[in-house]
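Me: I would like to learn how to read a structural model feature by feature, with the general idea set out before the particular case. Could we work through one together?

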Number of protein chains: 2
Amino acid sequence: METRPTGRRDACGAALGADWKTYGQKQLEELAADIRAELLDAVKNNGGHLSANLGAVELILALYRVFDFPHDKLIFDVGHQSYTHKLISGRALAELREKGGPSGFPDPAESEYDAFIAGHSGTSVAAGIGLCAARDLRGENHKVVCFIGDASMGNGEALEAIFASEKKPENFLVVLNDNGMSISKNNSALYRSISKLTAKRRYRDFNSFLGKTFKETSAFGRRLRRFKYTVKGWLNKNDFFERCGFKYIGPVNGHDLHELVGVLSNIRRMNEPVLLHAVTVKGKGYGAAEDDPARFHGVGRNFCGGEHTFSAALGKLLCARAEQDKTLVAVTAAMAEGVGLSAFAERFPSRFFDAGICEEYAVTMAAGMAAGGLSPVVCIYSTFLQRAFDQVVHDVCLQNLPVIFCVDRAGLVGADGKTHQGLLDVPAMRAVPGLSVFAPKDAEELGDVFDYARSLRAPALIRYPNGTVPALGCRRKIAADALWEVLQEGSGPVVLACGARAVARALEAAAGTSVAVVNCRTVCPLDEAFLAANAHRTLVTFEEGYIAGGFGSAVAEYFAARSQPVRLTVFGAPGRPVAHATAAEQAEELGLTAERLAALLGTLA
Amino acid sequence: METRPTGRRDACGAALGADWKTYGQKQLEELAADIRAELLDAVKNNGGHLSANLGAVELILALYRVFDFPHDKLIFDVGHQSYTHKLISGRALAELREKGGPSGFPDPAESEYDAFIAGHSGTSVAAGIGLCAARDLRGENHKVVCFIGDASMGNGEALEAIFASEKKPENFLVVLNDNGMSISKNNSALYRSISKLTAKRRYRDFNSFLGKTFKETSAFGRRLRRFKYTVKGWLNKNDFFERCGFKYIGPVNGHDLHELVGVLSNIRRMNEPVLLHAVTVKGKGYGAAEDDPARFHGVGRNFCGGEHTFSAALGKLLCARAEQDKTLVAVTAAMAEGVGLSAFAERFPSRFFDAGICEEYAVTMAAGMAAGGLSPVVCIYSTFLQRAFDQVVHDVCLQNLPVIFCVDRAGLVGADGKTHQGLLDVPAMRAVPGLSVFAPKDAEELGDVFDYARSLRAPALIRYPNGTVPALGCRRKIAADALWEVLQEGSGPVVLACGARAVARALEAAAGTSVAVVNCRTVCPLDEAFLAANAHRTLVTFEEGYIAGGFGSAVAEYFAARSQPVRLTVFGAPGRPVAHATAAEQAEELGLTAERLAALLGTLA
């Protein structure tokens, strides 16, 4: 990686050298400030998660100071707060989230310091328990540390792991990074429980008594101070973390390096499973982010917003439809801004439901709403819909309930990388009986497809990519007898393009040729009339997705189910993880470009 | 439905008439006894869930006595305890779980009394919140009641819904049926919390004081008694249900009809969201089931066990391999008996992990184990693996961890019906990059496939159906250069059969003909060498699964990805839910029989 153009002390672990562990308090604080400046630079230049990372600097620094990573194992939940960890473990952030640079999330393929992958929510505690089981059965002796935010703690999988067994493994530490925030505001009972702990008066009194009575330098005072976290845990002994088999310690100030190093040093000497509750400020150290952490949660390169995106179009569309139809409600899972629902939430607060990072709950709740006569629209990223696959099958589709899924970030997602790719919704969802699957070609068509999908009064999924896409114009509005749309007539091969980016590239590849281009805006059902009428022609399917089980696979199986031989080429991505880069670079890497399509068409013509 | 051959009072609601709501205590108790006898008869004859239903008789009877279903909405969690509800709402159980008879689970398609589908765990509270939202936005005024067992309460989705918002809807009742049991024994922290409540001494003292001081008939005593559940809730006010926005009432004796009717009547008059904690005995009223409720949890017709099944073979196999390999551990999610792990659990207790009904936690924990150097085998039903789709993708396959999934009940499941069909694992899983998918033809081949899969040191999924399957003999052991196996040579069409039942039926259909039969025991990867060598022949894929995205689809896309025209017929099931019946009847209904295959082959020859 190239040298970063800063004059600051190098916050990157490789350059820090081994001696940073002997830094005094003041040097550590300077290091924290340097790291914060690095983070700000990196996110300004490359996009990424800002607020969460700014809030976690001291906690991660203190963990590194006390524990011996990678011998000890550090597992992040979600992993969007791991930039400080990346820096300390020797990864410069100049090329953060760029092709070849460090990923925005932990990945064992990138560094031995990344003990487990992250990207989705609620997995760290389960993974940590698994790592502890492996360690104990193999007779090893390292510590296992999970780092999880308060919003993730409300996710079903995290709760399963927290509750699952009252006997938690030894030498196991869960750090709860409590910044009182989710991606969007939330009002969950869990967070109230946690924030109640923070305010416990008796502990505050004891703490203040300690401060007033003993000098910092008094040995007895130091011992008492070390003990105070246990006292606090004892005062909170009815807390559910204690019931779940953790020794609860906290709350501690997650920005006080001195306090953190002290507490963590004590914890390191203990064998019991510990939950350390640290209170932090999201966006700490960057005024704008502290004031509006949601806005700076995840930011694109140069903090640019997206006006002409599917997300923005969806937001406007839902507001318009909600005016006309009082039964329309919107449901999301802690991604209201990302899916374009901010304005809806403001205009229709009683019809807007943010489930927190609880995709399963969100989808089944929507099914309940539909069963009760509402018209719920679930707005969710493709990658997170994977979390609610069974709820789509079991709660929505088996009951044939009119829930509309608006699936954002479908296809290649760019800088968020492997854990966030939207490449599995087509294969998984098109097999679910009763679910219609749509892929509009542009933001204008989103409205037509949405209205058509709603008219079916049955489960439907509408998928579209992130970023801006060109408006391609409408030649034939979607209808029961017009599922697909011919965008370019031609006597040569027929390109069956599915999805906004594929259609745009197909038009580009076919421009000025005799190739016909079809906007295949439905995946389920296919436009069978079109296929039957064109079965004699040379057909090429094109999509931004895996070949396995994708749209092309649906076309191939359509003919094979009818024993109908056909000249068909399925053109899509090979089945492998797709790392961070721009979406265009990813498409290039997978060979899904207009040029490659044109080359293929040349061999077929 | 035909008349049931019993001389008992008819426990079926239609025959009960409207007057049963005026029954006195004694008549109600007689009715409960009659219902219990019905349940026992039904499950003896038709299989199903016994213990859970026997334990829920009085609770459901009391709910019906007090609430006004179907105007009020009753939602079951899992739904395996809903037989009493089916009886009271007019569904005779003589043909329970048989084709055309009532399903073993609630289904709105079957009765307006079934407010929401069930079959999987942890969905009821989310669905109930959704129904409440619909009711409130539409200005309706019914009550919504969820009925959930203690084991389901530990499921992630249930916890998400319980924790999700501190403001729970009004006129919302969650009945926690606490029988201190999961499908398998569990020791979760949640259950300990609940059982602690049950034993609260102060409440017991207060209760006993009430009993000693006031006559049952004293008006003040009655009022105090009505109040006592609130007192109990108050004594438990640190309980997490209270924190989560429920008024906690209980624990009550879930078999005391008098107490239940009284408490529920009070609750019905309240507007607040209430969690009623009822303690019941699983298997109540049937000695054998009370003594060994796990054995009678789900039973087949005539309580017959399965010796020559894949499940039994897997159990033996894992025990044998665990002897040789100390790193092998087995993980399941509350289905140890069902997947054949009972003996393993007994022989290797430190290497057996039952996560409870927490599929997500189970899979990520297994990923953690693999990351730590163990060789975890996750044993799970196909339908429940849907709950952990994202964990398979995100935690196991993205990290290329050597976790083996042994997927039982893959394909048609018979009497358990629509919610339990194992028809989506092939489409969903074969698209996941890095996951090998296997389908051995018989229990003997399971061992070969298992050993081969483990040799890959990468994620692998092995799927097989329930019930007994014939041993078909081995002609060519699986190996990297022998993925598929030709079982019958022939110069005619080639049947590519995938999965135990499909292979057996293909052999039957092809017997005595020139048709070749291939055991396609790998879905991912396909045997590309075989396909390339046989591309000129007439090919027919055959599987017990949906056409959409299935094995046949994989073969079709293989050729289409190479622009290779081929004479290929994909033979599988149309995409629709498959209701309860025997697995053979279901195959018949979907046209997946040897006869239909033979007929097809006749048209191609």
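Me: Which residues touch the most other members of the largest nonpolar core?

Reply: Bear in mind that this is a predicted model. A nonpolar core is a set of buried residues joined through side-chain atoms within 4.5 Å, and in the largest one, which has 282 residues, Leu496(A) and Leu496(B) touch the most other members. Leaving aside residues up to four places away in sequence, Leu496(B) touches Trp484(B), Val518(B), Cys520(B), Phe530(B), Leu531(B), Leu539(B), Val540(B), Thr541(B), Phe542(B), Phe551(B) and Val555(B). Another core, of 49 residues, lies apart from the largest one and has Tyr23(B), Leu40(B), Leu50(B) and Val57(B) among its members.

Me: Where does Thr541(A) lie, and what does Thr541(A) touch?

Reply: Thr541(A) belongs to strand S18 of chain A, residues 539-546, and Thr541(A) counts as buried because its relative accessible area is 0%. Beyond residues up to four places away in sequence, the contacts of Thr541(A) are with Leu496(A), Phe551(A), Gly552(A), Val555(A), Leu568(A), Thr569(A), Val570(A) and Phe571(A).

Me: How should I read chain A as a whole, and how many helices and strands does chain A have?

Reply: Chain A has 26 helices and 19 strands, and of its 605 residues 67% are buried. If one takes the contacts in chain A with a separation of 6 or more, residues 24 or more positions apart account for 75% of them.

Me: Which residues of H22(B) are buried?

Reply: In H22(B) the buried residues are Ala500(B), Arg501(B), Ala502(B), Val503(B), Ala504(B), Arg505(B), Ala506(B), Leu507(B), Ala509(B) and Ala510(B). Because 10 of the 11 residues of helix H22 of chain B (residues 500-510) are buried, the helix is largely enclosed by the rest of the structure. After H22(B) comes Gly512(B), with a positive phi near 75 degrees.

Me: What is a disulfide, and how many disulfides does the structure hold?

Reply: A disulfide is a covalent bond between the sulfur atoms of two cysteines. This structure holds 0 disulfides over all chains. For Cys319(A), the closest cysteine sulfur is that of Cys379(A), 11 Å away, and so too far for a bond; Cys319(A) is buried, at 5% relative accessibility. For Cys498(B), the closest cysteine sulfur is in Cys520(B) at 6.4 Å, again too far for a bond, and Cys498(B) is also buried, at 6% relative accessibility.

Me: Turning to the backbone, which peptide bond has omega near 5 degrees, and which has omega of about -5 degrees?

Reply: The peptide bond from Phe69(B) to Pro70(B) is cis, with omega near 5 degrees, and Pro70(B) sits in the loop between helix H4 (57-66) and strand S2 (73-76) of chain B. The bond that joins Cys524(B) and Pro525(B) is cis as well, with omega about -5 degrees, and Pro525(B) is in the loop between strand S17 (522-524) and helix H23 (528-533) of chain B.

Me: Where do Val78(A) and Arg457(B) lie, and what is the phi of Val78(A) and of Arg457(B)?

Reply: Val78(A), a residue other than glycine, has a positive phi near 65 degrees; Val78(A) lies in the loop between strand S2 (73-76) and helix H5 (83-88) of chain A, and is buried at 13% relative accessible area. Arg457(B), likewise a residue other than glycine, has a positive phi near 50 degrees. Arg457(B) is in the loop between helix H21 (443-455) and strand S13 (460-463) of chain B, and counts as partly exposed at 44% relative accessibility.

Note on methods
Residues are numbered from 1 along each chain as its sequence is written. Chains are lettered from A and ligands numbered from 1 in the order in which they are written. This is a predicted model: local features need pLDDT of at least 70, side-chain atom pairs count only at pLDDT 80 or more; totals for chains, interfaces and linings use all residues. Side-chain values use heavy atoms; hydrogens and water are left out. A disulfide is a pair of cysteine sulfur atoms within 2.5 Å. Buried means under 20% relative accessible area, exposed over 50%, partly exposed in between (1.4 Å probe, protein chains only). Helices (H or I, at least four residues) and strands (E, at least two) are DSSP runs, numbered from the N terminus. Contact means heavy atoms within 4.5 Å.
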